[in-house]
Amino acid sequence: MNKFITILASSALACSIASSNVLANIYVGLEGGLSLPAQSSFVDKDTKTKVKLGHSPMFGARFGYEFAPNMAAEFSYTYQPKYDFNVSIYHDFAKGKTKVTGNVMMLNLVYNFSEMGGGFKPYAIFGAGIAKIDLKAIDIKLATEGLDKVSEGIASALRAKYPLHMPATKAEISSVIKDIPALRIKKLNANYFAWQAGLGVTKPLNDNLNLDFSAKLQVTHNIEVKSDHIDAQETVKRHTPGVITLVYSSSKIKKTMGVAEIAVGLTYKLPY
């Protein structure tokens, strides 16, 4: 009986030690900073749409486990609440702005280098996962100058197509176009493959709490933004004398986007 109790106590102690060793390797972290587009502006080669992106604040959380000396695996979540998304078409005659939000979830591998002077310890991180991108829909009307030029362009093409008739005039076309959007950016809510790589440095504040500084490149692949725009050529092609019918064409902007994340945070290692 005493032997059984001894074995049971030894097993419980071993399990307790093993559990403590596991818990001692677990850490959690919080961070905040800025997310800056690596390419802040571009022109889509297919639609000729100009796009300009602003920066966004970012907030992140991490949960990790140190499975080997200097090595850790972690899950990270990053929230990027507000990128300004500026678009323009027709030589800037139609311009508008909406908002993009990012929610990024990654599985990361972290390698901790040897300690530097002053207690600072550098690390490298690489991860892959999913970026959930949300974009608010927006309707964009032509500005006054753009309205004038687009109306004149359609009217001129109609006069050339119907030289013996009285096609719609510039004023008539303008009266129709001014009240409807020249460009409709559609709502986006989709998941895309994403990866990140970066470097950082950590500084112990006490036995369990570290101050962290990091810089990461985060890349989201093949984001698709769909839109409809007034197609002047098709409007002229399908025109029936006496009836003004504007024709829209659908298009999409497909782009792989990278952002630089600069963050400061705290990491807490469980005290076991």
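How many residues line the largest cavity, and which of them lie nearest its centre?

Guide: The largest cavity is lined by 22 residues, and nearest its centre lie Leu53, Val100, Ile133, Ile223 and Met257. This is a predicted model, in which local features need pLDDT of at least 70 and side-chain atom pairs count only at pLDDT 80 or more, while totals for chains, interfaces and linings use all residues. Residues are numbered from 1 along each chain as its sequence is written, and side-chain values use heavy atoms, with hydrogens and water left out.

A cavity is a set of points, on a 1 Å grid over the protein atoms alone, where a 1.4 Å probe fits but cannot get out; a pocket is an open set with protein on both sides within 12 Å along at least five of seven lines; and a lining residue has an atom within 4 Å of a point. The count is 2 cavities of 30 Å³ or more. At least two of its lining residues come from each of E5, E6, E7, E11 and E12. These are strands (DSSP runs of E, at least two residues, as helices are runs of H or I of at least four, both numbered from the N terminus). By class, the cavity lining divides into 16 nonpolar, 5 polar and 1 charged residues. Here Ala, Val, Leu, Ile, Met, Phe, Trp, Tyr, Cys and Pro count as nonpolar, Asp, Glu, Lys and Arg as charged, and the others, Gly among them, as polar.

Next comes the open space. The largest pocket has about 660 Å³ of space. It is lined by 42 residues, and closest to its centre are Glu66, Asn112, Thr202, Asn210 and Thr267. Among the strands that give two or more residues to this lining are E1 (26–37), E4 (56–68), E5 (71–89), E11 (209–230) and E12 (248–269). The pocket lining has 16 nonpolar, 16 polar and 10 charged residues.

Charged residues also pair with one another. Side chains of opposite charge can pair when their charged atoms come close. The whole structure has 9 salt bridges (a side-chain nitrogen of Lys or Arg within 4 Å of a carboxyl oxygen of Asp or Glu). In one of them, Glu74 meets Arg62 at 3.7 Å, N to O. Glu74 is in strand E5 and Arg62 in strand E4, so this pair ties together parts 12 residues apart in sequence. Both Glu74 and Arg62 are buried (under 20% relative accessible area, against over 50% for exposed and partly exposed in between, with a 1.4 Å probe and protein chains only). For Arg62 the relative accessible area is 15%.

Arg62 also forms a salt bridge with Asp212, with the closest N and O atoms 3.2 Å apart. Asp212 lies in strand E11, so its pairing with Arg62 of strand E4 ties together parts that are 150 residues apart in sequence. Asp212 is buried, at 7% relative accessibility.

Strand E11 takes part in another pairing. Glu224 and Lys252 form a salt bridge whose closest N and O atoms are 3.5 Å apart. Glu224 belongs to strand E11 and Lys252 to strand E12, so the pair ties together parts 28 residues apart in sequence. Glu224 is partly exposed at 21%, and Lys252 is partly exposed at 41%. A network of salt bridges links Glu31, Lys216 and Glu261.

Thr49 sits in the loop between strand E2 (41–43) and strand E3 (50–53). Thr49 is buried, with a relative accessible area of 5%. Leaving out residues up to four places away in sequence, Thr49 touches Phe42, Val43, Asp44, Val87, Ser88, Ile89 and Ile253 (contact means heavy atoms within 4.5 Å).

In H3 (residues 170–177), Ile173, Ser174 and Ile177 are buried. Down the axis of H3, the buried residues fall within an arc of 100 degrees (taken from the directions from the helix axis to the C-beta atoms), so they line one face of the helix. Glu172 is also in H3, and is partly exposed at 39%.

As a whole, the protein chain has 4 helices and 12 strands, and 39% of its 272 residues are buried.

Methods. Points joined across faces, edges and corners; volume = space filled by probe spheres on them.
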